[in-house]
Every structure is written in structure tokens, then in C-alpha cells.
Amino acid sequence: MEQTKTYLSETVNALKPSGIRRFFDLAAGIEGVISLGVGEPDFVTSWSVREAAILSLEQGYTSYTANAGLLELREEISAYMEKGFHVTYSPKKEIIVTVGASQALDIALRAIIDAGDEVIVIEPCFVSYAPLVALAGGKPVTVQTKKENDFKITAEELEQAITNRTKAVILCSPNNPTGTMLNRHDLEEIAAVAKKYNLLILSDEIYAELSYDEKFVSLAAIEGMRERTILISGFSKGFAMTGWRLGFVCAPEEITQAMLKIHQYAIMCAPTMAQYAAVEALKNGQEDVIGMRKDYRRRRNYFVQSLNEIGLECHVPGGAFYAFPSVQSTGLTSEQFAERLLLEEKVAVVPGDVFGESGQGHIRCSYASSMEQLQEAVKRMKRFVERI
Ligand code: PMP
């Protein structure tokens, strides 16, 4: 029978698949590839955390939890945020446990956007932001940051993107893909703009545990920002728990309760065994987090220095586990560089432009790999750069 119509929504039809996927498909068909492509820890979740999940299953805790998550976990999250980040949130009213930071982003946007509302997306950034804004019925307005500013947004750049339809800004520090971390001064500049224009900020703090040179500052801890911040975080990165699919959101009651309505209809609750694991991660997991942070820092120092030595200029990323070197000296575009590096030297990286226009001329390399893998990758990249 002839297909006469599409059943898909216009919004979904207009979404482009993530540019990262093409590279994974390409790399999957090649043997002996060193992958610096994926954005996840190479560590396995701590044994005591895995054991807590196993114990919960042995005890038969296999039912739904409260919609917002186990109260015990929300209490642990509240204590963790207060102790580590100097922000105070009520476990009963202002915290929701979500299916990764991804779901927290999704329900936050759906809770605040009316059709046509604009949300400012600062690029280069995590590939999901703009599509999630569009899926919520909003209009993503992208702003490009500059390499000269270490990819930090300035108050002027932010102000220029604001219109009378602007509702919110999505901010991410430490950043994926640039690794840039915003310090207190940077956050204060952004906060002043948010206050002046009465904007809400979705602060994606998923990499908060992975800051290497300065202490991480939460946007919600900046004066006057708590009431206009939706703080999104989770266990995937700092606690090496990507596969558990567990995140959380902290925000003023009005916002969390609106988000909870969507969460209860669409998801019900985050997975129960993962929640028991997360309680253990927060109670006893800090030592392992500190150990992993030390290891990433060592790898970052080696890898970023090596990139600069082989002629791929790279600022020192303050956090996360990404290096974002420039490949402009090679005369290749991001995509050409990434594709040829993969085919000729079997090293997988991600072209910078998939994270936004200003990522052109760069590549994202994840250094969440063993030192041996990083050393081999550097050897191959050096050979490649010298050849071209
Ligand atoms: N935000 C950023 C900036 C990320 O890099 C990622 C994962 N790549 C996420 C959110 C999603 O994390 P989660 O696994 O908690 O859904």
C-alpha cells in the first residue's frame, strides 16, 4: 500500500540525529580502535554500591518507591548538597530523584515552557539541550562562546540573546565538551544578568564532583540565585554510575512540584534498586570519588600537555573529563580530522561542531581511559599530525 502520510509529529521529524552517533557506527566496524569518544567514566561502580543494590534485591525491595524517590535517598541528597556545595534543599519538597540528569532536564523544560518560549543554549554544549527544548514546545536560541575566552559566556554575549520571550538559560559547568569550569566570579556575572531580566537558569552540575584546580561553586549558592535556579545533577559521572540511570533535581517547591506531576505520569519513579545503591554511594562513597578525581586529574595533566606538544593547542580544562583541542593548525575541519584519525590511526574522537557552531575547528577527546590507552592514543595522534 502506498504511504500517503507520515504519522510523525513535525517537531520530531525536524530533529536531526546526534552527530556523535555516526562516529560510533563508523568506529564499531573497525578493529583495534582506541576510543576517546564516549562521555563516560572507565571505572566500574564501587563494589559497596553494587553490593547495596544486590542486598536490596535479596531483601525483596522490588516495588515502586515514592514518586519523588526514596525519602532516605532524598535526605542523603539534601545532606550531600548542603555539606559539599553549601545549598540547602528540603528533602520532602524540593528534591526529586530522576532517571539520570537527562530526565531531570526533560521534565524541568516541560514544566516551564509554554509554546514559543525561548530558552538560551550556550554552545558548544551537551547535544541534548536544544532538542529537549524543542520537544517541550520551546525555541532554542543558541549563543556561541569563544575559544579566546576558554569558551566562557560573557555577560554581554548573554544579554544580546535575550528577548521578551526568553524564559530560561541552560548553563553547564564543568562543561561537556570543553571541560571549562566557571568560577564564582563568572557565575556572579551570569547571575547579575539573570536577575536583571528575571530569568530562570537550569544549572547542569552533573560534573560537579570532577573539578581539578579550584573548588566547584554551585550557581544556587550565589546570592539571589537559589529562587531562580533549577539545579540538575546525578550519579553518572562523579560516582561512575552511568548505567544505573540515576540523577536528581533540586529547585524551589513550586518548580519541583510541577515537575513531579510530569514525573509521576510519565515515569512513576526512578528504578528502586538503583536508588538503594545511590544511598550507599552518598553514605560511604566519597573516598572512591576522591580517588577517581585524582586519577582523572593525572590523566588530564598528561593528555593536555601531550596535545599541546604535538601541536594541537588545548586550554587546560578545569573539570569534567574532556579535552577540546583545536585542530585548525592541520588545515582540516573537525569532521575531516576525526574521520581521517579514525580510519588512518584508529583513534575515535568526536568532531567539535556536533556540539555547536563554535565547536568547529576542535575535537572532543574523553580522557576517561587508562593511562596506557592515552599514551597509545597520543602516539598515534602525533604520527597522524606529523603526516598531514
Ligand atoms: N548533562 C551533561 C552535560 C552530560 O554530559 C550528560 C551525559 N553525557 C548528561 C547531562 C546526562 O547524564 P545522565 O547519565 O545522568 O542522564
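Seven strands form an open sheet, in the order β2-β8-β7-β6-β5-β3-β4, with mixed pairing. Strands here are DSSP runs of E with at least two residues, helices are runs of H or I with at least four, and both are numbered from the N terminus. Two strands pair if DSSP finds at least two bridges between them. The model is predicted: local features need pLDDT of at least 70, side-chain atom pairs count only at pLDDT 80 or more, and totals for chains, interfaces and linings use all residues. Residues are numbered from 1 along each chain as its sequence is written.

Axes are lines fitted to C-alpha atoms, for helices over the stretch in contact; angles run from 0 to 180 degrees between N-to-C directions.

Now look at β5 (residues 166-172). Five bridges join β5 to β6 (residues 200-204), and the two run parallel. In β6, L200 stands opposite A168, and D204 stands opposite C172. β5 also pairs with β3 (residues 118-123), again in the parallel sense, over four bridges. There, I170 in β5 is the bridge partner of V121. How much of β5 is buried? Five of its seven residues are, so the strand is mostly covered. Buried means that 20 or more other C-beta atoms, placed from the backbone, lie within 10 Å of a residue's own; 12 or fewer means exposed, and in between is partly exposed.

Next come the helices. α9 lies across β2, β7 (229-234) and β8 (247-250), at about 30 degrees to β2. Helix α9 (residues 253-266) also packs with helix α5 (residues 100-112), at an angle of about 110 degrees and with axes 9 Å apart. That makes the two roughly perpendicular (65 to 115 degrees; under 35 is roughly parallel, over 145 roughly antiparallel, the rest oblique). α5 contributes I107, A108, R110 and A111 to the contact, and α9 contributes I255, A258, M259, I262 and H263. Contact means C-beta atoms, placed from the backbone, within 7 Å.

Finally, find the ligand. 13 residues surround the ligand, the closest being G100, A101, S102, N176 and S236. A residue counts as near if its C-beta atom, placed from the backbone, lies within 6 Å. Which helix gives the largest share of this shell? It is α5, with three residues.

Key:
Contact = placed C-beta atoms within 7 Å.
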